[in-house]
Amino acid sequence: MPNRPSKKSGRRRQKHQWPKYEPLHVWSTGCFWHGRIEATGRTGKCGMGIPCCPHCGSVLYQCSQRKWEEGTKAYEQQGHVNYIAFMAWTEAQGKCWPTIDAAAQEFTATTGQPVIFAISKGEPQPGSADTQKQNCKDQTAT
Ligand SMILES: [Zn+2]
C-alpha cells in the first residue's frame, strides 16, 4: 500500500487552481463556419480529438470572444456593410457553407439585407482565417 500523508498529520492537500480563460470564438479553416468553442464538434470518435466544425469536421482557428467582437465591429466600421448582422446571422443558423460568398448570398436572400465586403485586390477574404488573424492578435490554431 502506498505511503500517504495521514489526515491526522495536519497537512492539507493544496487544491489545484485551473487558470482562468476568456471565452473563445472559433472559425473554420476549410468552410465558412464560426461560433463559440462550446459549439464545436470533435474530429475523433469517443469524445477525443481536435475541436472542429460541428457540420463538416474542418479544424479551427481561435481567439477570445472579446477580440472577435472587437474585430467584427472594427471591420464593419471600415466600410463592410452589415458585417456584424451577417456574422450574428451565420452563427445562429446551425450550419456551415462552402464559402463566405455562399453564406452572404443566403444571408441576403433570407434577410433582404445586403452584406458588402469592401475588399481591395490582395486583401484577405473577410471571415477567412487570414482576416481573423488580423482581428485577433492572440489567435492560435486549435
Ligand atoms: Zn464546416
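**Exercise 1. Find which residues of helix α1 are buried in this predicted model, and decide how they are arranged around the helix.**

*Solution.* Start with the helix itself. In this predicted model, α1 covers residues 65–77, a run of 13 residues. From its first C-alpha to its last it reaches 18 Å, close to the 18 Å expected at 1.5 Å a residue.

Next, pick out the buried positions: Trp68, Gly71, Thr72 and Tyr75.

Away from the buried side, α1 carries the exposed residues Arg66 and Gln77. Finally, look just past the end of the helix, where Gly79 has a positive phi of about 110°.

**Exercise 2. Which residues of α2 are buried, and what do they pack against?**

*Solution.* Helix α2 spans residues 83–92. Its buried residues are Tyr83, Phe86, Met87 and Thr90. They cover an arc of only 95° around the axis, which puts them on the same side of α2.

Follow these side chains to their partners: the buried residues of α2 pack against β2 (34–36), α1 and α3 (100–111). On the face turned away from the buried side you will find the exposed residues Ala88 and Ala92. After α2 comes Gly94, with a positive phi near 70°.

**Exercise 3. Describe how α1 packs against α2.**

*Solution.* Two packed helices are described by the angle between their axes and the distance between the axes. Let's take both in turn. The axes of α1 and α2 come within 8 Å and cross at roughly 140°. That makes α1 oblique to α2, because an angle has to be over 145 degrees to count as roughly antiparallel.

Then list the residues that make the contact. From α1 they are Thr72, Lys73, Tyr75 and Glu76, and from α2 they are Tyr83, Ile84 and Met87. Sorted by class, this contact has four nonpolar, one polar and two charged residues.

**Exercise 4. Locate Asn82 and say whether it is buried, partly exposed or exposed.**

*Solution.* First, the location: Asn82 sits in the loop between α1 and α2. Second, the count: Asn82 has 19 C-beta neighbours inside 10 Å, so it is partly exposed. A buried residue would need 20 or more.

Third, the partners. Leaving out residues up to four places away in sequence, Asn82 touches Gln113, Pro114 and Val115. Val115 is 33 residues from Asn82 in sequence, yet their C-alpha atoms are 5.2 Å apart in space.

**Exercise 5. Step back and describe the whole chain: how many helices and strands does it have, and in which order do the elements run?**

*Solution.* The chain has four helices and six strands. From the N terminus on, the order is β-β-β-β-β-α-α-α-α-β. Of the 142 residues, 27% are buried. Among contacts with a separation of 6 or more, 59% join residues 24 or more positions apart.

Definitions and conventions: Residues are numbered from 1 along each chain as its sequence is written. This is a predicted model: local features need pLDDT of at least 70, side-chain atom pairs count only at pLDDT 80 or more; totals for chains, interfaces and linings use all residues. Helices (H or I, at least four residues) and strands (E, at least two) are DSSP runs, numbered from the N terminus. The expected span of a helix is 1.5 Å times one less than its number of residues. A residue is buried if 20 or more other C-beta atoms lie within 10 Å of its own, exposed if 12 or fewer, and partly exposed in between; C-beta atoms are placed from the backbone. Two residues are in contact if their C-beta atoms, placed from the backbone, lie within 7 Å. Axes are lines fitted to C-alpha atoms, for helices over the stretch in contact, and angles run from 0 to 180 degrees between N-to-C directions. Angles under 35 degrees count as roughly parallel, over 145 as roughly antiparallel, 65 to 115 as roughly perpendicular and the rest as oblique. Ala, Val, Leu, Ile, Met, Phe, Trp, Tyr, Cys and Pro count as nonpolar, Asp, Glu, Lys and Arg as charged, and the others, Gly among them, as polar. The arc is that of the directions from the helix axis to the C-beta atoms.
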